[in-house]
Each structure stands twice: as structure tokens, then as C-alpha cells.
Amino acid sequence: MHILSVKLRIVIFLFIFCGTHAKVTVENGAYKDILVRFSPRVNSENGVMLLEKMKEVLTETSEILGKAVKLKISSVIFLLPRNWDISKLENLTVGKATPKNTVFPPDILVDNVSNSAFGNYPFALQYGGCMVPGRQISIQESFLTNEEDFPKGKLLAREWLKFYFGVFDENGFPDDTMYPLYYKVPGKSSSDISITDCTHPAAEYYFKKGEENCTLEVNDQNGLPSSSSSECEIRVREDSRNKVHSSLMYYHRDLTQVDLMCGDRAHLHNSDAPNKHNTFCNGKSIAEVVRNSGIEWTEENTEEITFSYVQEKDPRLAIAWQDTNKLKNKTELIGDSVWRFLYDVPEESKIALYKFTNNVDIVKDLKDNKRPDFRFIFASSKEPCVTCAISEAVNALKMDDIVTRGYVIIIAAGNPSEYEEVVQQINSSQLCLIVIGFTNFGATSEGFQDLVSASRCGSFWDISTEEKDDEIFAKLYRAMETALPSRDANYVTKIIDTQYVKYGEPLLIETNERASKFTVRASHAFDFKDYFYCNKLNGNDSVTLTKEDSFSVSFPSQEDAVTCSLSNSYIDPAWMQIQMTTKPNHYFEQDVWVKDMTSPASNSQAGMDLSSQTQMPVIIYARINYGGQPVQNAMVKAKVTGPNGIGEWNLDLLDDGLGDPDITANDGIYSRYFLDFNDKGEYTVEITASDNNLQAKIGQNGIQPCCGSKVVSETAPIGAFQESIKTTFSTISGKPEGGYKPSRILDLRIINYDIPSKVSLQWTAPGAEADTGQASSYALKLCRKQEDCSGNSSFSSWVKEKSIPKPETYGTKQKATIVFDATAPKNQTVHIGIQSKNENGEVSELSNLVAFSLMYISLDEITTIETPREEEGKSTVSSEIGIIVGSTAIAIFLLIALTAVIYFYVYKPRRQKQTVNDKENRTIIENNSIQKLKSSTQLNNYGSSMRKVESFPVLLYTHDQIKDHKSKKKEAPLYPSNVATKPWMSLDPLPNKSQAHLETRSLGSQTTLDVEDEKNSELPEIQQLHDTSQESVIETGNISKF
């Protein structure tokens, strides 16, 4: 199996203002100009029908959004593929697509992926945290054409809210330990099972397995669903369904009428539910996130939605090259690459050609429709005026058409000067500027940065004449190739190799299982029929060639490699490109972008002054798809090069779903923080994705709706591959002196709760700075209410023992154990979070919170749990309750029997020996003594009604001593302080008391007990939970505060 290595060395200037897509604007209370695009996989014959279906769904969605968030859809733009015959679209006016329509990803992509890994429902491709807009929404053709039980407009409205506002699902997902379908707070009764929802009025559920009633069961140790009830379906009672109106972001197939958000007074938010939205938005409601989105709310738009249609036309091009003797030795090579590109430009395109030194000469006017005829000459030694050439090209394209997409391509061996006016020209033109700079002669990306950034879709390509000729030719062509329009076909053509072919030096073409055919393309007109032949590498069988045009021939993909050669020594050598055409739907789709955390607002405007801000980390994202399906378990690496080529860093991008930065595993989006800024300026990122030793797979047949902590789907092998893509980003400064804080832990969970007081936790280790390195310590937070976990507290007194490890390297699973003291309040729900700290003292954000009910059950205090009546399959109690009830009954019976024995054989005979004259005094002393014992026990709150040394024999013996001395009118031996401590009194039943000793006797001996004086000692104040909880920090190895 051979590896396909396609290196797309593209350098795209992205705004550090997070311009990852042409964000939809809100005007007059409605969303304006939502862009809908159709994938090449969509059958053009279904175009008219799909347009009508999309209009119906969008109209329904607009009404739902209007009710949910008071924002309807005012206008939608459909970008039609170039291969659609618009003459068949009756009564539709199709306009010209603008650069805004074609450069950025669409808001909604209509696709046709069979058995999608994301299911058949629409899904928003989200990559960032709370309030970070999504990449795009995908809608399958089958979703539009098939009947659905759930309203289609509501399904799309849910995904739109995710895409636009950066909110998440409020429902759980099957077999998801981070966002379960249902849960129980560990420590509570097994009947206290809650559905992961947000409903108002509260939905009433019942449970079915087929036609039979069933019971939801949880693991009492961690509160997560038990595998034994995985087939038990959660249903909403019919009489409850029509009453529930929120939340739209809680998906349940029975709640088809929901149309409002949780988070206002009438529809309370369920911040306790362990769902994706609460985790990433720290318990904030959907309504609160929407209110804080920065939108200026006006009166609701009442106008009907409008639809318009555009199609990308053939491009307009202006190419200008610097006439300089510095490039004289590469004249033929540069000329051949430009000619090869011009052969590929669509016939209806407009082309202008210029050469420049200190002035600009027109080689071909834009209005001249004839094919150009000229020769490249690099002979001048004059200083170039690069800005003059750019200005001339921009003006020519602007005068021709200010609407359709246009490209200015500059080949230069130096930097521009005095370009402020030209920057304004580019910025107002909507043109794309492509710069090919020979860096060994002085052209730099920094020198062109302002010009390229002004074009929004610009790029800079660095080339050196010191590179190999085949690499120079390939770079030149690939830079110019970005100006060619997309083919809008369900296959891909790629230049996989470039070679300079001479007589006697064969051209080797490796086979590839994804190829349907290969095309050999010459740099100039060539007589392939008489002077060029190809044979199979094994067996020397000839390969039949098909002439494509005067410059190229093709042949079908072969099982073995193929060699091609010139047949005559008199034939001039030529640059030959090997172009592979893939089989339908057998191609990779790569996408790379960068999010700069310096300006976290997704709608920050270009021109915003960031010079006074501290440079924050950037997150590098790479999306790898194959045939529309996400590529899972690939090896994705990023090589980052610093400004002016100084510094190089290598990162492994991950698709692990740990939350910071990757929010969903197996969705084909790989990400990683980059932190090592050595200076302000432009950084280059080259992404390389490979098959990870054939471990990479594609997802398919996924569940819906998608997605919890991961994409759940089947997988299929993908074979060997290697794909590359390149981008750049710019920074405002180097790395700050104090560095950055650790990444946030988002997968904290309870893995075991040993009642009454031992809790075991698990999480994934963060980095020391973001997701890199190893933090120095952990700290736990305890709080009564989630909203109070950001406060300060001293609840560490609740903790009797703790086992908290030191942080490991990023990505390592870690565990901790906490044992709570008996003084901690009973039946109290406690929330726990975790933070990490690095050696610079930087502290991470608080993790997701987990909860458990603190239940300290003593030996003589066991509470039974009443079994609720089972009704219509409703969850009652799990089988563990039966064991507890049985054990409780046995314990009560034994306790009663023991009490009876002691009473009849010990206590009652002794009472009969007392005289009638002493009875009244004894009764008074007995009541006082018992009252003191009870009071002492309650204040110490050990969870028991008596102290450890106060067993029944000891109590009775002490009681007899008191009665005996009272009858003799002497001081009872309970109070003297001259008794020495005995070794067996190390039980320390009353800690923190003054050391006034007392004398008691054990049965059958004269040994005295060492007990503290209750009479004179001050009882300690027990730490109680405050209504406003505070921060309790339990660090590794000690207890302290940040």
C-alpha cells in the first residue's frame, strides 16, 4: 500500500480577531444574510427540490427562533454550485457571488453523506467553549427529503443556537460518563434518580423496554447509569407532554412542543444537571448566555423571510511579476509555471498581465479576451515599485467589476514601501491578494503583512531560488492555483508530484487505491502521441494514454506503479506535473484555523487596538475529513515557525474531548494550545496528518442527536495517507514573563463513594501552562451551592484524611481519595471542584463540579429507605435497597434482644436490691447524669448517641457507683481529678477537652477510666456550612489557600 503525500503549502493570513467565518449579523431584530451552500456530494438533479425543502425548514426555524430568543431570520443567501444548470431554476434570479460568499465557510452546508458519523439530524460543528460560535451547521439531504417524527425547524433551531451563541445541549447522551442520560447524587437513596434535563413545568417520566415496564438503575458508587438498564428507554407521560414548554435545548423525542429557553423567572434553569452546557458555561443558563452575547435587542422583526440566489462566476485575475536580473537564472522555470497555470484558468475568465520595475508595463489588458502571447525576460537592475504594481492591478479589477471575486497575484523579489494608500484600496475592493516572495532576495511575509491582511483572503508564499527547481515550480503553481474556482464535483484533482523530465530519465508514478486516473501535464505544448509512452513497472506492459489537450495525457489508475519516458533524445526536456483524480467521494477535506485568546470575543472588529493587551495563548485547530466523515485516531502534528524563521516548535494535536481545548472526541477536529511566542510578528503553522501506523479510521453510522463528550459511531479502516496544509497567525507581543495558567479540568468525576464518608475522584491531569507540561499542585474546593464555589471558606476541618497526588504530565489519568470527619454535617449535598497551580503561581479555572450527599452513618444509627410504589414502569429502588432493608431489620432485632438480656439479667436484679428510701434521690441523679451524657454526645456529633467508652456495662457500672455514693451522701467518683491515665484509654472519646480526669471502674476489676471532665470543659464549636459557602483549599500534602 502506497502513501499519498499531498503537501498543500498554503499560507493564509487569518485575523487574530477570530474571523473564522463570515459571521451573520443581527439587524432590526433579525438574523441577516445567512449563507447556505451545497456540497459537491449533493446531486445537482435534486437542486430545485432541495431549495424548496430548505426554504420550508428555514421558514419554520425562523418562527421558532423568534419565540425562543426574539430573533427571527430576515434573509438567506443560497450559493449555488458552479456545475448547477441555473436555466432549470424557473422563476429564480441568480446573481453573482461576492468574495464574502465564496471565501469563508458557509453558515449552513447542505451535504449528502450516507451513514454520517454525526447522525441524520442537523449538527453544529462546535470547536470552542461557551460563547464561541461554531464552525458551520451541516444538514443532510436525506434529512430534508425524509419524514421526521420531531419538527425539523426545531431541530435546526437548536443547532443554530449552538452555532451562533456558543451554547450546548441540556440533555444527556447514552453511555457518556461526562454527560449521562440520567444520574444519582452518590450517597442519596437509589430512588433519587434524576433525568439530565431542563424542563418547565417539570416533565413526568416513565420507562419502557419494548412493551414492558423497566427500572432505571445506577451505580451507587458513582451515580452513573448501570449497564443493566441500558435498554430501558426514558419516556414522557402523555398527560405531561403538552404542558412542558422549555427547554428547546433539551432534546427528548416526546417533547415536540418545547419552544422556550430555560433561564428566566418563568422557566428556571437546572444548574445541577451534568450536561454539556452546564459544564462549559459554568452553570449559566441558555437565556443568560444569550443575554450576554452583545446583541442590541430591538423590537421583534415581523417581516417575512426573504431568499436570494448567487453563483460563483469565472474569476478575474491580475498577475504582475518583477522584472529583475536577480531571477534571470530561473526565467524558464518561472515562465513555465505561469504558463501552466494560465492553461488551467477557465475560458470565460478575465486576465490582466503586468511586469514591473520602478514603473508598471501592461503585458495584457484585462479587456483583451485573446489568449496572451509573450515571453518572460528578467533583465532589469532597477529598484522595484511593488506598491505601484499592486495599485495598478487593484484599480483595473475594481473598474471592471466590484462584485465578483477577483485575485491579484504578485511575484516579487523585494518588499513594498509607502503602501498605506494601497492598503485602503485593497480593503475596499474585496479582492484577494496572493504574494509569491523570493525570500533570499529580500521579500518577507512581515513586509507584506499589512497588504495581505487588508485583502481578508490573502496569502503569502515564501520561495527561495536556492531550493530545488522542482520544488520552486510546484510552489509557484500551487500558489497561483488557489485563485482557481472550485470544481464543485464529487472528486478531487491534486498535483501530487512535479519532475523535470529528460530523455533517459523515466517519470515514476506510484499507484494509489483512491485514484480513478492520473494525468501527466507538460509545461508547454507537447507531442505526446509520438514522443511519450508509459509502461507498467512490473511486466513492462504498455499503458494506454488518452489525450486531454495539447499539454496533457491521462490513463486509468493501475494496480502497479507506472513509468513514463521520452522516446527521442531530440525532444526538449519539460516540466511534468502528475495530477491524480480521486474516485467519487474518496478524498480528504482539510481545514485549519487559529483562535487567538487575546481577543476572546468572537465578534471583535478588525482594526481593534490590541497593542495594550497581553498576548494570550492561541489554539490551533485542524479538521480532517474523508468523504465527508471525520477521521478518527489520526496522527496530526503541527510545526510552528517563529517570526523571520527564528524558533521552531512541534506539537501533537489531539481529538480527545477533554474539554480544554478539544471539546468533542472523534469529531475529526484536532487541537492544541501554542504558547511559546518568542517575539511579536507572524508565525507559520504547517499541519501534517497521517494514518498513525494504519490506526486511523473514519466514523460512520453515528447516533443522533450528536454530540456529547464524543461522537459515537461505527468505524471503518481508511488505509495509509499523509496530508499537509499550512497557515499563519500574528501576535502582538512575545510570551508574558509570568507565563500562562494551566488548562481547565473538565472531566472530574466521582468513581467511588464508600458510605459514610470516603469519596474517590478521577480526572485527567492538565498542563502546567495550558495543555503543556506538568503542574505543581492541586487544590480541592468544597461548597454547599454551585454558585458559591468561587468564594472563600475554611471547610478543611471536615476532612479527616486525604490522598491527593501531585500532578502528572498533561493527559494522565489521576485519582484522589478524601475521608470526611464525623463533624461534617449529615445528609448534606457537597459540591467538589479541583484547580491546579504551576510553579509561577498561576492557578487554573475551577473544574466542572461533582456532587455527593455526605452521609455519616454510625453503628447504632441506621436509617431505612422507604421503597416508593412502582407505577407505570417508574423507577423505584434498585436491588441493593433490599439488602439494606434486610440488614437493618436483623440489626434492630439483635439490638432489641441484647437490650432485653441486659435489662432482665443485669439491670433489673440490681434495681430490686435498692431500698425504697433511696429511690427518689436515685431517680433525680440518674436523670441529670443521662442528660449530661446525651448533651455531650450530641455536641461532639460522632454520628452516635453515646461515646466510644460508654458501652452498656460501663454505663451501668458508673450508674451504680453514683447511686451507691449518693445513698451514703458522698461525692461520686465521677469527678476526682487525681486518677492516672490508663493505656487502653487511647480511644480519646472526647478530643480537644481540658484534662480533668475521672475515676470509673470496669466490670470485674478496679481499673479506672481516663475520661475528660465534662463539668468544667468548654465544648468546641462545630464547623457548620454557611449559607454563603466559601473556598476550601486542600492542597497536595497540606492545607492552605491560594
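Rings of Phe, Tyr and Trp (its six-membered ring) are taken to pair if their centres lie within 6.5 Å, with planes under 30 degrees apart counted as stacked, over 60 as edge-to-face and the rest as tilted. By this rule the count comes to 43 aromatic pairs. The model is predicted, so local features need pLDDT of at least 70 and side-chain atom pairs count only at pLDDT 80 or more, while totals for chains, interfaces and linings use all residues. Residues are numbered from 1 along each chain as its sequence is written, and side-chain values use heavy atoms, with hydrogens and water left out.

One of these pairs joins Y127 and Y621, whose ring centres are 4.8 Å apart with the planes at 70°, so the pair is edge-to-face. Because Y127 lies in the loop between strand 9 (123-125) and strand 10 (136-140) and Y621 in strand 32 (residues 618-626), the pair ties together parts that are 494 residues apart in sequence; strands here are DSSP runs of E, at least two residues, numbered from the N terminus. Both Y127 and Y621 are buried, that is, under 20% relative accessible area with a 1.4 Å probe and protein chains only. Y164 and F165 also form an edge-to-face pair, at 5.0 Å centre to centre and 80° between the planes.

A charge sits over a ring if NZ of Lys or CZ of Arg is within 6 Å of the ring centre and within 35 degrees of the ring normal. R135 lies over the face of W593, at 4.0 Å from the ring centre, and K152 lies over the face of F143, at 5.5 Å.

Definitions and conventions:
Helix = DSSP H or I, 4+ residues; strand = E, 2+ residues; numbered from the N terminus. Buried < 20%, exposed > 50% of the residue type's maximum accessible area, 1.4 Å probe, protein only.
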